[in-house]
Each structure stands twice: as structure tokens, then as C-alpha cells.
Amino acid sequence: MKAMIYKTVYLKHGKEESLKRFHPWIFSGAIHHTDSDIEEGEVVRVLTESGEFIAVGHYQIGSISVRVLSFHDVVINDQFWESRLQSALNVRLSLGLADNENNNTYRLVHGEGDNLPGLVIDCYGPTAVMQAHSVGMHVDRMAVSKALEKIMGQRIKHIYYKSETTLPYMAGLGQENAFIMGGTQENTAMENGLRFHVDWLRGQKTGFFIDQRENRSLLETYAHGRSVLNMFCYTGGFSVYAMRGGARLVHSVDSSAKAIELTNRNIEMNFPGDSRHEAFCDDAFKYLDANDQKYDLIILDPPAFAKHRGALHNALKGYIRLNVKGFERIRKGGILFTFSCSQVVTKDNFRNAVFTAAAQAGRKVRILHQLHQPADHPINIYHPEGEYLKGLVLYVE
């Protein structure tokens, strides 16, 4: 059988149970032994203790040793990549996100959620930004790019590879961000009829936080006549939507001068000369302390407070502290949008932190909406860890 060309990973007794439930990760502690000459990033076959085939995937040194590409004994070739990318595109077409004149910004591939663990592809008009989060996806980047070009056809003209900061440092890959296909200086994308400069060269993630698209649209419906504070504004996405929603004033705050510059550019591109908006480069807690009872709609969308489980306790303390400030500073009858994008913080963890903050601040609070990531960031039902974005919309008396 052709698949036998792959080297082999052998599991300890009983460690195949999670794989029989189609969980796509194999942890290092589950491995009994491997072929001696496996290189990091290569495709391997995984066998049980009794020699039964269980999966094929990318091998990597670290806690997660194998990211499963398939539970069938297949060859990982051009046809495999094309099939997986076509499946991902079909989902986005069914959602009305791809081929939408009013919205050319969407996530095409969301790692495990699209059965391609370690791979993210975001589309901004004719530019696809590809990001590897595993050594295996980095090794296979050219094959993925070739399949992407074929499946997307005229939809994309440029592929930018942006994995400099997402690959394991210890792997020593020396990766630099660069165009794999095409090349362009044009970096304007459209989301729900609004235009944004997307900094895929130096920006966070792939240059824009696509995962908040639906939550930004919801915020727009609450913005009319309100004074809005967008904390941790980054590119000003929530601010732009609040402006279109008819906010009385919108203030954007971020500790990064680069983020403030990008926010101002995005506001000016959509609302040139509009005096309702002002941006401030400041620390979040200092700004909230200095601006009491000034806003009746506040967005708290901080960067991830916990990158790993060991940081969970301190992260929850951070969410409590931040939300206490928000509750203390918002006007009576105000609306608070509050989020966590930390994967290790569960919905219950986050909700309890916000409840604790409300109690400490002594405010009466109602939940209006419970928010999450949008449909182009799907969650593999066998991989609940993929549910990383949590949010609450709260009415504060």
C-alpha cells in the first residue's frame, strides 16, 4: 500500500481511545515509540499497540506530537489538499461569505475546524493570507499554496505567507513572511460594506480580527445616539461600525501608537472629516480611571490573557479586574460588550469572572446576548478546544 512510505508512530496501550472519538491531537505522553529517523514536520502513520492503523498526520516535537490530517489511511498529496480546501470553500459559499460583493473578508480555513490542523487562511479581496501554526503545515506550504491557487481560481491573485511568529521558535526554521504568489501593495478589504486597511505585513494575526465580524454588526444596532468607548481598539473595527450605527461620539483607545494610526486611517476612509471620533494612545486601566461616567456603551476586547493552561488563574484575575473597571465607569443604563479570546478560558470561566466583577462593582447586570466566533471559524465537534472566542453583551443599571 502506498501509504506505507510514511514512517510510523506507535501508541501506548489504550491511548487510541480519544482518536476513536476523532479528536485530532496526539499528545507526547500517548506515544510508546516512533521510528528513529522521523523529522519534525513530516507526515507519519499512527498505529495502536496491536498494529492497527488509527490516523495519519504531521509529526512535531512538543506536547502535541501529531496533528491528525485524516483518520483514513490516505496519501497526503495534491488531491488531498485540493479536496480539503474545496470542502472549506463550499462551507463559505453556503454561508454567503465567499463571492459576496458587499463582503470580501472571511476566513477560508480555520485549522481543526476545517480538518486542517495547524493551518489558517484568511481572504481579503484578491489576497489570501496563509499562516502555519505547525511545522508540518510549514513544510507543506507550497503544496497547500498550489492547491489553494487551483481551488480559488480567479477569486485570488496573491498568496501571502505569514508564519514568522506562529511557528515554534525551537524548530529553528528561520521563517520570514513573504508572498508565495503574486504581490501587491493594495491592502484594503471590505466587510459588510465598510472598508478597512488590513496590515498583513506587520499586523496581528493575519492583519485583521475577522472573528468579530458578526459581533461588530450587533454593536452597530446598539450604537445610535450613544457615547461609545472602544478599548483595545487595534484597527478600530468596532469603532467604524459604531460610527455607521449613528453613535453620538466614539473614542478608541489602545496602548499601541501603530494601532491608533491604523484606527484613524480606517475611520477617515469610511467617514472622512467626521468629528465624532477621537483616538487615544493610553493604557486601558489608566484611561478608564480617568474617564468616569462618560460612556454608555463600552467594548472590552483585550488580547488573550492566557496563552496556556498554566496562566489561567492570573488570566481570570485579569478579566475580573478589567471588567470591574468597565462596570464602575459605565453610565447607568449602559451597554457593555466584553470578550475573551483565550482558548484555555472556558465559557463558564469567563462568565464567572464577569459575574464576580459585577458583584465587586455593585452593579445590577442583565445578559442580553452570549457571543461567540462566527461560522467561518467553525468548531470541529470532536475538538471542543476550538471554541476560543467568548463574549457577553450586558445591560448595566
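Start at the second largest pocket: select Phe232, Tyr234, Asp254, Asp301 and Pro303, which lie nearest its centre among the 28 residues of its lining. This is a predicted model, in which local features need pLDDT of at least 70 and side-chain atom pairs count only at pLDDT 80 or more, while totals for chains, interfaces and linings use all residues. Residues are numbered from 1 along each chain as its sequence is written, and side-chain values use heavy atoms, with hydrogens and water left out.

**The pocket**

A pocket is found on a 1 Å grid over the protein atoms alone, as an open set of points where a 1.4 Å probe fits, with protein on both sides within 12 Å along at least five of seven lines; lining residues have an atom within 4 Å of a point. The volume of this second largest pocket is about 390 Å³, counted as the space filled by probe spheres set on the points, which are joined across faces, edges and corners.

Next, colour β14 (227–231), α6 (237–244), β15 (249–254) and α8 (284–290), each of which supplies at least two residues of the lining of the second largest pocket. Helices (H or I, at least four residues) and strands (E, at least two) are DSSP runs, numbered from the N terminus.

The lining of the second largest pocket has 14 nonpolar, seven polar and seven charged residues. Here Ala, Val, Leu, Ile, Met, Phe, Trp, Tyr, Cys and Pro count as nonpolar, Asp, Glu, Lys and Arg as charged, and the others, Gly among them, as polar.

**Two backbone angles**

Stay with Tyr234, in the loop between β14 and α6. Its phi is near 50°, a positive value in a residue other than glycine. Is Tyr234 buried or exposed? Tyr234 counts as buried because its relative accessibility is 10%; buried means under 20% relative accessible area, exposed over 50%, and partly exposed in between (1.4 Å probe, protein chains only).

Now select Asn115, in the loop between β7 (105–110) and β8 (119–124). Phi of Asn115 is near 60°, again a positive value in a residue other than glycine. Asn115 counts as partly exposed, at 41% relative accessibility.

**Salt bridges**

How many salt bridges does a search of the whole structure find? It finds 19, a salt bridge being a side-chain nitrogen of Lys or Arg within 4 Å of a carboxyl oxygen of Asp or Glu.

Show Asp78 and Lys146, whose closest N and O atoms are 2.9 Å apart in a salt bridge. This pair links distant parts of the chain: Asp78 is in helix α2 (residues 78–94) and Lys146 in helix α4 (residues 141–152), 68 residues apart. Asp78 is partly exposed, with a relative accessible area of 32%.

Move to Arg155 and Asp99, whose side chains meet in a salt bridge (2.9 Å, N to O). Arg155 sits in the loop between α4 and β10 (158–161) and Asp99 in the loop between α2 and β7, 56 residues apart, so described as a link between distant parts of the chain. Arg155 is partly exposed at 29% relative accessible area, whereas Asp99 is exposed at 54%.

Then pick Asp274 and Arg276, whose side chains also meet in a salt bridge (2.9 Å, N to O). Asp274 counts as partly exposed at 25% relative accessibility, and Arg276 counts as partly exposed at 22%. Elsewhere, salt bridges that share partners join Asp289, Asp292, Lys325 and Arg329 into one network.
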